[in-house]
Structures are given as C-alpha cells and as structure tokens.
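Let's explore this structure together, one question at a time. Have the 3D view ready as you read.

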Amino acid sequence: MILARISMRNLIRHPWQSVLSIVGIALGVAVVIAIDLTNDSARRAFKLSNQMVAGQATHHIIGGPTGLNEILYRDLRVDHGIRDMWPVVEGRVRLPDHGDQRFSVIGVDPFAQTTHSAIYRSTRDLSPTELLSVRNAALLAQDTARRLGLSVPSELRVRGAGGRHRLRVTATVQSDSALEGQALRTVVITDISTAQVITGNVGRLTRIDLELTDPTAVARVRGLLPPDTELASSASRGNALQQMTRAFEVNLTALSLLALVVGMFLIYNTMTVSVLQRHAQIATLRTLGVGNRELFTSVTGEALTLGVLGVLAGIGLGIALSHQLLALVAQTINDLYFRLEITQVSISALSLAKGIALGIGATVVAALAPALEASRVPPQITYTRSGQETAARSSVGRLARFAIVPCTVAAALLLLPGGSLFAGFAGLFFAIFGFALLAPALLLLIVRLTHPWLSRALGLVGRMAGRGVTESLSRTRVTVAALAIAVSATVGVGIMITSFRTTVEHWLVNYLRADLYVSAAGSATGVDPNLIRRVSQLPGVKSITTARWTKLDGAGGRTQLFVLDAQAKAFENFQFKHGNAASAWPRFKAGDAVIVSEPYAYHHRRGVRDRVVLRTDSGAREFEVAGVFYDYGSDRGVVAMHRDTYRRHWADPAISSFAVYLDADIDVDRFAATLQDGVLKDSELTLRSNRQLRALSMEIFDRTFAVTNVLRVLTVVIAVIGIFSALMSIQLERGREFAVLRANGFTPRQLWALVTTETGLLGFAAGVLALPLGLFLALALIFIINRRSFGWTMQVWLTPEHFVLGVTLAVAAGLLAGLYPALRLARTPPSFALRHE
Amino acid sequence: MADGDPVIELCEVHKIYPDAQRERTVLRGINATFRGGEFVAILGRSGSGKSTLLNLLGGIDLPSGGDIRFNGLSISNLDERRRTLFRREHVGFVFQFFNLIPTLTVFENLLFTLDLNGVDRARAQCRVEQLLSQLGLSDRGDSFPDRLSGGEQQRIAVARAVAHRPSLVLADEPTGNLDRDTEQEVLTLLRAMPKRDHTTVIAATHSPEVASCADRIVHLQDGTLNDAN
C-alpha cells in the first residue's frame, strides 16, 4: 500500500531520528534481555549445581549444623534395605598452588551405583577402585585438569576446614554437556571419607539424597529418621533456596524494565514529534480520503518498524551485555547468598522471547498515543501550526487534572499495608506516568519563572528562547517529561544507594566494636578453642567473644543461625528495632530466647514475644523472640542465640570466629602483627582489624550495587540519546523560522546562542523537574520497595551531589542536542533555507 | 452523470462557529445547485467563508443547519468514516500550497488516489502515465515534489485531483501561489482535465483570471451566496 511507502520514506528522510530511536529501543531491550539471561543463567547454574549431586533425587535427609551421622546411611541401607539413595559430603576448599582458587569438594560413594546424578554419572566409566585403591584419590573434570595444568596422575594440594591435604588426581571425568561441564568446572570429586577429612567432618554426611516415588516409602523413611533429621522434598528445598535470591532478581528486573520504560518514552517522543511535524501532511491525506484507521495503522507500523529493528539489534546487544553482567551478578550471589559457579550465559529462547515481546509491546504501547493523535487530525484544506500549539496549551490544565488518577492509583499501590513487591513497582510506574502528565504545567511554570532572568542576562535572545519553548509546547512537553523521568531515575537510585551505604556504614561502626576479628576459612570445625584460650591470655586482651555461623536447612528454607558467646556488654552492640538490650539479655543468656534480625522478622512475620521453630538435635523446638535487631549482613535474616542455649540443643562445639577487645592503651596494628606472627602463625585463620573488616564489608556492598550502577548508566544513556534526537529534530524543523531571523539581520552567533539557550533551557527545566520526582523515587525505593524486598530500615541521606549531578546531566544533554542544529542552521544561508521550505 | 444534471445541492445551509465571546455565523441559509461539468468560481473577501463552504461541499466539515446533497445523497447525515469514503471516491482537491506528499515521487503522488480507491495496479499505472503525458511531465515521474517548480507542482496537484475521475473537484485558491504565466497554464488544465469526465469544478478564489475562466461566478458575501448574473 502506498501509505506504507509514505511511512517508510518518512523514516528514511529522518535518518538521525530513526537511527537514534532504534538505538534507544535496542538498548532498552538489550538491558531487559541481558538481565533476564543473567538471572536465568544463575537459576540454571543453581539448578544444575543442585542436580549435579542430587540428580533425580526426590528427597533429601538433612541434619543439623554439623550434618548427619554417617551411621544413619549404613542403617538405612543395610538394616532397612533402602537402596535408591546415595550419601553426599560437600564442602569448600582452596587450591593454594593455583592462585588460591575456590573449589567445591564433593564426596561420593563409588558403590552407590546411581546414574541419576551428574557427578555419579561422570564416574560411571571408572571402576569403584579408581577412587578407593589410592589414598586421597581425587577426580577432576577433563577441562578443569587441563586448565590447572594437571596430568594423570598428579598431585593436587587443597586447603579446607580440615586443614591442608595432598590429593592424588587418579583420573579425569567427562561431562555429558556444556552446562554440566560448567557445573563441574570448580569441583574436586573424592570418596566419602576423603571428603570428610578435607572438610573437617569426619563421620558426618552433608545429606543423603533419595529417590522415593511411592508415598508409603516416604512415610516409611520418615518413620525411621532420628529427631535431629528431616526428610525434605527436593522441590521444596530447591524452591526455598532459590527464593533467597528472588528479591535480588526482581529488583534487577525492575531496574531493567525502567530502562525499557525510558526507551518507550523515546519511541513515544519520536513518534509524537514525527506526527506533530507531519500534521499538515496528515491533514492533506485525510482530505484526500485516507481514513483515521488507516492513519492509525500507518503510524503504528512506522513505530513497529523502528521497534522491530531496535529489538533485533537489542537481542545481539543483550546477549553481549549479559556476558558482562554475569560476572557482577555471580559475584553478588556468591557474596550474599550461596556459592555458585556461573561462568556461562545460557541463551534461553524464553528470555529472548520475553525481550522481543516486551520490546515490541513497549513500542506498540508507546506508539498508541501518537497514532491516535494522527488518526484524529481533521481533514483541512488550509492548515495552521498555531492551531496545534493552541490545542497543546489548552490541554495543559486537563492533563494536570487527569494526573490525579494515576497518582491516586500509585498512592494506593504504594501505601496500602501488606502490598506486594510487584504492587510496589506498579505503583512507581503509575507515579511516573502521573508525573509525565503534570510535566507540561510545571514546564510552563519554570519557563515563566526563568523568563525575566533570561531576558536580563541575554536580552532579545533570552526572551526569544523562553518563548520558543512555550510556543513549541506540543513538542517540548514530551521531550522534557522524558528527560526528567530518565534523570529522576538516576537521582532516585543514587540517593537510595547513598542512603543504604551510609546506613550500613553507621551500622557497622556500632556493630563492629571489637578491635580484631579472627575467622576460620570453613565453618565445620572452625577455630581451635585452645588457640582462643592462648589469645585471651595475651597481655592487653580485655575480653573475647566467640561466634558460630551456621545454617539450618529444612523444607521451609534455610535459617541462618548466629551463635554468640558474649557478655552483656558485647550484647549492647546490637541495635534493637523492637525490644532492647536490657530486657532481652537475661532471657537471651539463660532463658532459651533468641533475637532475630529485622529482615528475618519481616519475612517470617515475627515480633517480640512471638516464637520461632528450629530443628534441634532433639527435634523441632520453639524459641521465644526477645528482640528484633538491625542487621544488614543478610537480606533473608538471621536468628541469633547465646552459645549456652545453642549447646543445650545442638551438639556442635565448633566456633567460626572470635572477636578480640583490647585494652585502650594497646596499639591495635602492632598487636595484630604480633598475633599474626605468633599464635596465629601456621593457622588457616584470617585476622582482620575492625577497620579492615568494615572496609571489606563496604567493598562487598559496592560490588552488590555494581549491576545497579551499570543499569543506571545505561538508562541515562538511553535517555540522552532520546533527548538528543528529539531536541535536534525540534530545532531542525524550525529551519524556515530561523532563516527569516537570519534574513532580518540575526547573526549566525545570535542564532547559535538562541538554539543552544533554548535546548539548554529545556534541559534545565527537565533537570529541575527531575529533582522532586527523583526524591520521591528514592523515598519509595527506600521505604517501600526495599522494605517489601528485604525488610530493611534505611535512613535517608540527602547529599547535594545527586541533585547537582541530575541538573547538570540534563542541561548537558540539552546543550549537546542544540549544538548540531545550531551549527547547521547558523551555517545555512537564509535564502537556501527559505527556498527549501 | 451527464453535463447539466445537478451534482450537489445545498438547502438552507448554515455554518456557525462557537467563539469564546459569541457565536460567529459564517454561512446563513445558503441555497445553491452545482451541475455536472460546470466550472464555478466562488468569489469573496478573505474571511467571507469560501474555505468553509468548500469544507462543507467536500464533507470535511458538517453544516450547523440545512442539508447538502450529493447526487441525491445527504452527506450531512454521513458519519466520519462514510464522509472519508465519499471524499476518497467522489471528490478531488486542489490546494493553494499544492500539498503534494513530499515522500512520494510525482508518479506515486498521482497513483495515490487511484491506490486509495483500489484501482488495479496496471490500470492505475496506465492512467498515471496518460496524465503525465497530458501535463508534458513524463520525464519527471521519478522526481520528488521538492525538485519541481511551483507551477509544475500545481499541475501535478490538478492531475492528482482528477486522476480517479471524481464527480467534483474543489479548488481553494488554486493559483494563489503562482505567477501570471504559470497561473494560465494551471487554469487551462483545471478547465480542460475535468471537462473530459464531466466533472464539476468549484474554485474559491480572489483571482479575476480564475473567475474569467468560470462558467458561472457566485459571490459569497455576508454569509449568503449570490449569482453574479
């Protein structure tokens, strides 16, 4: 159809506008695809690493903090004849001869004969004696051995919670697929007993995996288990573990969608400006008999062409970007949640399809308003631009009044108690929409306020620049709203990160009061109590507090347990949100009460005097909550209990770390050096000063927000591209008007000043508008999104730099966008411009 | 439709525009008949309502009162979509500023109304080639409008208006933007081309030259239409 030809030629005739729109939508789609691929790769890696040992296991037998007694496996297998099960010992080691790389050690039973687990399957071609005939025999994946430069046989030194050990690589195994290869990349396979020794868990198993298809068999096994163990289904355990990273994933997805929303504004902006510029042509088409439906389809088709091209480019960009983001996301998951080897992006068709659908969908939605605008252009024999601007100005009040609707919906979604995270994000997007409707009225207000100042400063040019903005309101209002939204996103996220960072910094200062912290690399056997005794006897040591970090896995998920052997004074380091140290301490010390962190209380809906159920050595038991404390170390939450309480319920003497309080007159650095060279010499323990530990914590914090910052920058890039394109086309459209000015004596310099002042003013207006919206976004992220995601309380820290940066960014984008049209128009002879209109 | 038969009839047509202060009556009960094949010039001062009358005749706008009938069909009662289809099929337009589609070549501009009316491709191309040949612009078919002079553009616009053989051509100041020599060329075309298909031409103009070419001249004054004779 000839209308399609008109549309396509229009896109080709404005190559910069079209290309920049394609780049904008491509970047938006790329960010969405990259985040989805990254999240999906992490999920797949998690599933695979889970399945690597568990395979098709339907259930797991899990124990307490020290795992299971291996006798249980023997009893079940030999005495009760349960065959479809296999024991698992898992732990972490480092390879001192290979850059201290972190590896997992997995102990397998060569006689278990299951083929459902990748680890077991990988060893199927080996005879059982391959692992058993040589002492400390170990298997590596073929690629891993090649990467480490190890041949068969060779020696591999490892360092784990059980100390340093020399393993003998007796064979290599091959994985069935690339994904399995990734899962085996940092794995050392040994027999059960070797793994137990390396991980310091002699006589213990991490868990027993079972394949139980018959409900009666499930009931039978459950009936055979001692009280300190639990039979959990694989699905519930896997889900519970994966739930840990859900909020993190949702937040990343929401940020990526924000980039797409900015991309949508870009398409909206391009199409609106394009339709407005062609009003006269559209009116002619209507007069000649083109129907409004045909025009609607034609404009949507134009947008779709840009969208499809953008999406196609976005797929490639997204895949490339996902490779860059993967390392950042993997780091965060390893820092905050669990150890996971993710080195490879899994290109999932579903992720790509989601990106394509969102990209195309966003384009269509963004094009709806301009397409409707085009279809409503009345047929006219004579056309005037002023009518368009009159309509734009008269709609300002109506739009501002209509803004009440999305703002009310936003308020309801954000403020109603018990709202979900999804409702929170939906509320944010409604608020942004409401703001976009208010933007034209606010733009007029800003121009009115700056007009006298501009007139005084720049004379005629200043007066004309101000008027130029309001006289082109039909175009400028959309552009300013889009730029303001993009800048507000960066201001809001910036304030949120600064607030969070400062809150954590302050919390660490109060929480880490000891002078030195010593921790064990693994958590099984941990720190030798004799060593602690020796340290406590050193001159200058005022007191020592020990801690045990452990986790209790169960069908309901994982509970992080923090066991503290502290005196009342050290207990005061906890900052309580509910309850207080004085009232909680007696019950905490002697009364089987626990204190829980704020995220734990939020996720489990627990408060002071409520009870939490934990699986002890003697079965499930209730513990009273004596207080809720602020903690930013874990977003899933922590249950803290006194060591005396812990000892009463769990036979686990291990200590993970200890804190050393020194006398006031002791030089901490010198004492640390003496300690490192003395008592701690040859130990596997890590010594850190209070300052170092705080610095490390902040480093992890900054790493966690690295992805957020990348997305934030990309969002701004998308916005700047959009603004650049829109402002440029607005100015270029006015070629005739500027030619008339030149013909009447305006110098090229004056013209240059006029165009850049106008685009700079638009940038400034957008920057100023972005500030309240940015602040609102920050408050919503801090008090609503963060609360619903993680349950943390954050203090708001407002620093001027975010606001200054926001306005500077917007003004810079405006000035930059004005440069090219200003130069081009100033250089064009007026006669040429007049002739070609 | 034969020459002389009524094509369009206006019966007590009023047009009132609501204004901020008061209503502004532009047309006051116009009664008129335009016949097949005639060339009518509507003369009147700026703001007298000439363009408004053309808008009503072309179904672009609706009268505030009265009725407009096209070959017996009341176009005042048609909805927006039907009026669009009516324009597409039965009306051709010539604008003061040519209003060719800048992103289409001359050939495609002429093809446009034929394409809209679903004329098959081969016949449409044949018709366009014929029109270009009549205009003496066969070698400009691949040019875009901005490469043509004002006179050439308006000649193409006239050809576009008659390409699909409408019953009615409405021209709003068709020579308002042209010099005297070019005006004559365009007027010759505007008179000759519709005649072949018995098309009625109604031109709103200030120009005495346009008026002198017309079969009939009517004056629009104070909202009423009066025959010059």
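Before we start, one definition: helices are DSSP runs of at least four residues, numbered from the N terminus. Keep in mind that this is a predicted model.

Q: Which element gives the largest share of the lining of the second largest cavity?
A: The second largest cavity has a volume of about 60 Å³. Elements giving two or more residues to its lining are H1, helix H2 (15-54) and helix H11 (246-277) of chain A. The largest share, three residues, comes from H11(A).

Q: How many residues lining the second largest cavity are polar?
A: The lining includes Asn10(A), His14(A), Gln17(A) and Glu302(A). By class, two of the lining residues are nonpolar and one is charged. The polar ones number six.

Q: What is the volume of the largest cavity?
A: Rolling a probe the size of a water molecule over the atoms shows where empty space is left. Counting cavities of 30 Å³ or more gives seven. For the largest cavity, the volume is about 70 Å³.

Q: Which element supplies the largest share of the lining of the largest cavity?
A: Among the residues lining the largest cavity are Leu3(A), Ile282(A), Leu295(A) and Val299(A). Two or more lining residues come from each of helix H1 (2-13), helix H12 (279-287) and helix H13 (292-336) of chain A. The largest share, four residues, belongs to H13(A).

Q: How many residues in the lining of the largest cavity are nonpolar?
A: Leu, Ile and Val count as nonpolar, and Leu285(A), Ile6(A) and Val299(A) are among the lining residues. The lining also has three polar and two charged residues. Its nonpolar residues number six.

Q: What area is buried between chain B and chain A?
A: In this pairing, 26 residues of chain B are in contact with 24 residues of chain A. Carbon and sulfur atoms give 61% of the buried area. The area comes to about 2,400 Å².

Q: Which residues of chain B lose the most area to chain A?
A: Let's look at the side of chain B. Three of its residues together account for 22% of what that side buries. They are Phe95(B), Thr103(B) and Phe112(B).

Q: Which residue forms a salt bridge with Glu294(A)?
A: Between chain B and chain A the count is four salt bridges. In the one with Glu294(A), the closest N and O atoms are 2.5 Å apart, within the 4 Å cut-off for a salt bridge. The partner is Arg88(B).

Terms used
Residues are numbered from 1 along each chain as its sequence is written. Chains are lettered from A and ligands numbered from 1 in the order in which they are written. This is a predicted model: local features need pLDDT of at least 70, side-chain atom pairs count only at pLDDT 80 or more; totals for chains, interfaces and linings use all residues. Side-chain values use heavy atoms; hydrogens and water are left out. On a 1 Å grid over the protein atoms alone, a cavity is a set of points where a 1.4 Å probe fits but cannot get out, and a pocket is an open set with protein on both sides within 12 Å along at least five of seven lines; lining residues have an atom within 4 Å of a point. Grid points are joined across faces, edges and corners, and a volume is the space filled by probe spheres set on the points. Contact means heavy atoms within 4.5 Å. Buried area is the accessible area (1.4 Å probe) that two parts lose on being put together, summed over both. A salt bridge is a side-chain nitrogen of Lys or Arg within 4 Å of a carboxyl oxygen of Asp or Glu.
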